[in-house]
Amino acid sequence: MTATEEPATTPLLAAPYRSATIGMVGLIFLAAFEALAVTTIMPSVSADLDGRAWFSAAFSATLAASVVGMVAGGLWADRTGPRRPLVVSTLVFVLGLLLAGLAPNIELFVAARFLQGLGSGAAIVAVYVAVARIFAPVDHPRIFGAFAAAWVIPSMVGPTLAGVVNDTVGWRWVFLGVVGLALLSAVTLVPALRTMVDDPSPTPVATGGRLVLAVVVAGAVVVLDLAGRASAALGSVVAAGAVVVVLLAVRPLLPAGTLLLRRGLPAVVALRGVIAATFFATEIYLPYLLQEQYDVRPWLSGATLTVGALGWSAASEVQARLGSRLTHAAALRTGSTLLAVGVGAELAAAALRLSPVLIGAAWVLAGAGMGLMFPRITSAVLAASSEREQGGNSAAVSISDAVGGATAISLSGLLFTAVGTSADLAPFLAALTLTTALAVGAVLVSRRTG
C-alpha cells in the first residue's frame, strides 16, 4: 500500500464482523429504547404500583447506577479484557428488565431500575473496548456511526411504541418484551467474543479509588431522592447533606476547577452536567403532564419526546455541516439559549394551560439546543486535552452528564412530591421552575467555555 492509498475497509456485515455488529448494535438499540420508553410509561407504572413518591427515583437511580457501571466496567475491561465484563453486564441489565416487568411494588421496581443502570453503564463501556479488539481502526468510524443510529432510531419510535404497548397489553411488557431481544442480541454476539483476542492492560490499584467515589456518588443520589419520604424538616437536612456528598465525591472524578466553573475545559465539562440536568429533569415530566393535565393517551404523549429527538438530530446534522464555520463557543452559547427558551416555554405553557401542541413545539427547541451542544462539547474537550488526557477527560464528560442528570431529577422529585398531588398543576410547575432556573444557569456557564 502506498502512502496515498486508503486502508482497506471491511463491510460491517461481512463474515468477520457480522455477529459483533448485529449483537453490539442490538444491545445499544435496546438500551436506548428502554431508557426512552420508561419516560412514556412511568405515569402508568406510578399509578399501578402506588408509587408517585418514587416517580423521580425510577430515573435518578438508573443514572446514578450507570456512573458506577461505567467506572467498574472500564476498570474490569482494562484488567481482564472486555469479554467477561460485557457478558456479566448484559446479564445484569437483563435481570433488571425482568425484575422491573415482574415488580409487585414500587420499591422493587426502583431497585430493578438501579440494576438496569448498572448493567447498561458497564455494558456500553465494555462494548467500546470490544470494538478496539474486534474491528480494524479504519472501520471504527462506521461501527460508531451504526451505534449513533442505534440511539437515534429508538428516540423516534420508542416513546410511541411504548405507549401503544402500555395501552394494549400493559406497561410490564415494555420490560419483559425487551428481555428476549436482549438475550438474542447477546447470543448473536457470542461467536465474536469467542474469537476476540483479549489484550488486558493491568490498571494500577489506585484507580480503584474512582470506583469507591462512584459508589459514594450513586448512594448519595439515591439518599437525596429518598429524602422526600421523610418529614419536611428532616428531609431538607438529609437532602442538603446528600448534595454536599455528591459534590465532594464527584469532584476528584472531574477536571480540576470544574465545580468552580473555571474558564475553558472545566467549564465545558460542567456545562455538560448542567444541560443534562436541565433537559432530562424536564423531559421526564412532559408525558406525565400531558397524561394528567391534558388527558392525552400515553402513546400520543410519547410523541413529545419523539419531536424533541427530531430537533436534536436535525441540529446535530446542522452543526456537523457548518463545521469550523460555527465555532465551539458559538455552538454552546446558541445551544444553551435554545435550551433555555424551550424549557422556559414549557413552564409558561403549563402555567397558562396552553395547547399541548405548544408543549411539543417547545420541546423541539430544547432538543435542537442539545443537538448543537452535545457533539461540540465532546469536540471541545478533545481539542483542549493532551493525548494522555483525552481518555480521562472524555470519561469525565460522561460522569458529569450522568451525575448532573441524576441529581437534578432527584431534586425535582423532592419538589414534585412536596408541593401536592399529581392531579394538581402545582407540582409540575415546581419541577419546571427548577429546570428553567437550571437552563438559565446553563446559558451563564456557556459564556465561560471559550
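**Notebook: helices and rings**

I began with helix α11, residues 298-322. At 1.5 Å a residue, its 25 residues should span 36 Å, and its end C-alpha atoms are 37 Å apart, which agrees. I note that this is a predicted model.

Next I asked which residues of α11 are buried. They are P298, S301, G302, T304, L305, T306, G308, A309, G311, A315 and Q319. Then I looked at what follows α11. It is G323, and its phi is positive, near 55 degrees.

**Two helices crossing**

I turned to α2 (residues 57-80) and α4 (residues 106-134). Their axes come within 6 Å. They cross at roughly 35 degrees. I checked the hand of this crossing, and it is right-handed. I then sorted the residues of the contact between α2 and α4: 15 are nonpolar, seven are polar and two are charged.

**Aromatic pairs**

How many aromatic pairs does a search of the whole structure find? It finds 16. I looked up two of them.

I took F55 with Y285. Their ring centres are 5.5 Å apart and their planes stand at 35 degrees, so I wrote the pair down as tilted. Planes under 30 degrees apart would count as stacked, and over 60 as edge-to-face. Where do F55 and Y285 lie? F55 is in the loop between α1 (18-48) and α2. Y285 is in the loop between α9 (265-283) and α10 (286-293). The pair therefore ties together parts that are 230 residues apart in sequence. Buried or exposed? Both F55 and Y285 are buried.

I then took F416 with F428. This pair is edge-to-face, with 5.0 Å from centre to centre and 75 degrees between the planes. F416 belongs to helix α14 (residues 390-419) and F428 to helix α15 (residues 426-446). The two residues are twelve residues apart. Why does F416 count as buried? Its relative accessibility is 1%, and buried means under 20%.

**Charges over rings**

I looked for charges over rings and noted two cases. The charged end of R113 sits over the ring of F59, 6.0 Å from its centre. R272 lies over the face of F374, at 3.8 Å from the ring centre.

Note on methods: Residues are numbered from 1 along each chain as its sequence is written. This is a predicted model: local features need pLDDT of at least 70, side-chain atom pairs count only at pLDDT 80 or more; totals for chains, interfaces and linings use all residues. Side-chain values use heavy atoms; hydrogens and water are left out. Axes are lines fitted to C-alpha atoms, for helices over the stretch in contact, and angles run from 0 to 180 degrees between N-to-C directions. Helices (H or I, at least four residues) and strands (E, at least two) are DSSP runs, numbered from the N terminus. A crossing is left-handed if the near helix is turned anticlockwise from the far one by less than a right angle, and right-handed if clockwise. Ala, Val, Leu, Ile, Met, Phe, Trp, Tyr, Cys and Pro count as nonpolar, Asp, Glu, Lys and Arg as charged, and the others, Gly among them, as polar. Rings of Phe, Tyr and Trp (its six-membered ring) pair if their centres lie within 6.5 Å; planes under 30 degrees apart count as stacked, over 60 as edge-to-face and the rest as tilted. Buried means under 20% relative accessible area, exposed over 50%, partly exposed in between (1.4 Å probe, protein chains only). A charge sits over a ring if NZ of Lys or CZ of Arg is within 6 Å of the ring centre and within 35 degrees of the ring normal. The expected span of a helix is 1.5 Å times one less than its number of residues.
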